[in-house]
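Trainee: I would like a close look at a single part of this model, taken slowly and with the terms spelled out.

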Number of protein chains: 2
Amino acid sequence: MTSALAALAPEPGSVDLLIDLAAKDMAGVDVLIVQRMQSPVAVIPALADHLIAAGGKRLRPLLTVAADRLAGGHGDNCLKLAAAVEFIHTATLLHDDVVDGSQLRRGKVAAHLIWGGAQSVLVGDFLFARAFELMVDTHSIQALDILARASRLIAEGEVLQLTRAHDLNLGQDVYLEIIAAKTAELFAAAAEAGAVSAGASDEARNALRNFGLNLGLAFQLADDALDYGGETAALGKNAGDDFREGKSTLPLLLAIARTGTAETAFWQRTVGNLDQTDADFLRARDLIVSTGAIDATLDLAAVYAATAKQALSIFPANNWRKALESLADFSVTRRT
Amino acid sequence: MTSALAALAPEPGSVDLLIDLAAKDMAGVDVLIVQRMQSPVAVIPALADHLIAAGGKRLRPLLTVAADRLAGGHGDNCLKLAAAVEFIHTATLLHDDVVDGSQLRRGKVAAHLIWGGAQSVLVGDFLFARAFELMVDTHSIQALDILARASRLIAEGEVLQLTRAHDLNLGQDVYLEIIAAKTAELFAAAAEAGAVSAGASDEARNALRNFGLNLGLAFQLADDALDYGGETAALGKNAGDDFREGKSTLPLLLAIARTGTAETAFWQRTVGNLDQTDADFLRARDLIVSTGAIDATLDLAAVYAATAKQALSIFPANNWRKALESLADFSVTRRT
């Protein structure tokens, strides 16, 4: 498995270049995040902090900051938009974990298992509203437009995914439509909002949006591969969650196609009917690895990562651009 | 019970004056609502339509339209803001029904019982995002500010209410804080957004906000009284839901205080521990009516309704003002 994951993408890539370059800006984003998750209703900051303090890589707000800086921005509005993007992301995580019944998130027990699903739904709503309050503070109708649309597309993608779960014959086109909406649109919007806060040209704005969109597709494809090929401890969430929920992700769809009629009964029982034992996940993982479905998924991720890097070619080859290019490589080669 | 409800508020009031006056504008709002709840993901319009087509009184969007017209507005932006307000309201209903496990809404089976809680949460998110897209279309940062803040306060109010459920000793001040946040803030914001779309003066804007806030308080107090005094068929939701969920509403809190130690064990078992039979609701209702808790709740509602009407005194006594005054009376005297 590990070798399957390691075999691809020529450059290992890293998020560290970007983290170093954006350190001061991200410190400002963190201050905003902590400030704006406060509430006189004590359970709100407690629940939000459980998830937000657990960290994660803060990829989406990093994208907003980096897009602003690469497009020549020097102001602070991108910090507010970055915090808004992280709030939207956190709100969707809270709602998704309730929807999926997930047990683990960012290496911690999922919030709904501590505070209950009701509070998770409502604190998600709180963070979503706070995100829009932060955007309003920037007085940018364009940024509001971009992130409202992305928020709507995320919800559409999540509903579509839920509707098409357990579908053994889901087309690759529908799978890509789902991950574009539920994941890549927020990456695209995060970068586009950064471009807008910098007052970028339409060309630069479109380039950064395309970078984010393709990066998001690569990121989600790798995520779906890691769910069969990664280790729970490194992921901060349970490997195998997608299988247990019967999510029709690309590694699974490819393995179903490639194992043919020999395994139809197995896939129908475990994914179609969600009638599973723990041993079934191990067998599914073996089939997915042995049919090359993980490699094929990561190959496709590498194509999107390359497209993302290509989108940056209109910018000077400065440190911000190099850091984003390294992030694109990392999106495919990461283990977590 | 019915006589207790009928005894108050000198004017019966009606929403019909406002419905007639705003008929053409509200037809425009309905067109927007139907347009903007569409999605290529078929379950979204199906679920949204289940709730939205069921109607309800559309009080909040009516407020936005009426506030705009009373403040001298003639444009169409208030229609978009009104549709946004209805979407925010519908989103909160979808989430609340999941949170509360409610069975009935607007006379129909609650959406989460048909499509599942997950889809209700996600379609709520969709409608919330669509609300912000509609606001963005008006290019009004002020309206976005008002409605983002209201959305955040609603979530805070809902969390606070959930945190303080089953609390037999909840203070009346905290109860009022909860209903101000979870209900009255959206009435206030709906009216204020209408004022803003009309380009109203600060004085007119504040007056309309105060009208909405006090109307919302009256409306929720009457709602909480109806939950013990109303009929399920007329309400479109189950009478007794608050009792079954252990919600600490004013009629209950007053009855607990007024029945004293004689009923401590009853209230502790049924509300504190949620250990109930159907007969317990009937007994609770009898205690609430016989102690005058319904009358006292409606008396307080009448005070807020009067304050709401007073806030309109700066406006000319035209048909819009008269219709809003009648709505204020109706908020207390209504049976549904």
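Trainee: Across the interface of chain A and chain B, how many residue pairs does the rule find in polar contact?

Mentor: This is a predicted model, in which local features need pLDDT of at least 70 and side-chain atom pairs count only at pLDDT 80 or more, while totals for chains, interfaces and linings use all residues. Residues are numbered from 1 along each chain as its sequence is written, chains are lettered from A and ligands numbered from 1 in the order in which they are written, and side-chain values use heavy atoms, with hydrogens and water left out. Between chain A and chain B the rule finds six residue pairs in polar contact, both residues being at pLDDT 80 or more; a polar contact is a pair of N or O atoms within 3.5 Å, where within protein one must be able to donate a hydrogen and the other to accept it, and residues adjacent in sequence count only if both atoms are side-chain atoms. On the side of chain A that touches chain B, α4 (43-52), α6 (77-100), α8 (117-137) and α9 (141-163) each supply at least two residues, helices being DSSP runs (H or I, at least four residues) numbered from the N terminus. The largest share of that side, 14 residues, comes from α9(A). The rule also finds two salt bridges across this interface, a salt bridge being a side-chain nitrogen of Lys or Arg within 4 Å of a carboxyl oxygen of Asp or Glu. B:Arg152 forms a salt bridge with A:Glu133, their closest N and O atoms lying 2.8 Å apart. In all, 37 residues of chain A are in contact (heavy atoms within 4.5 Å) with 37 residues of chain B.
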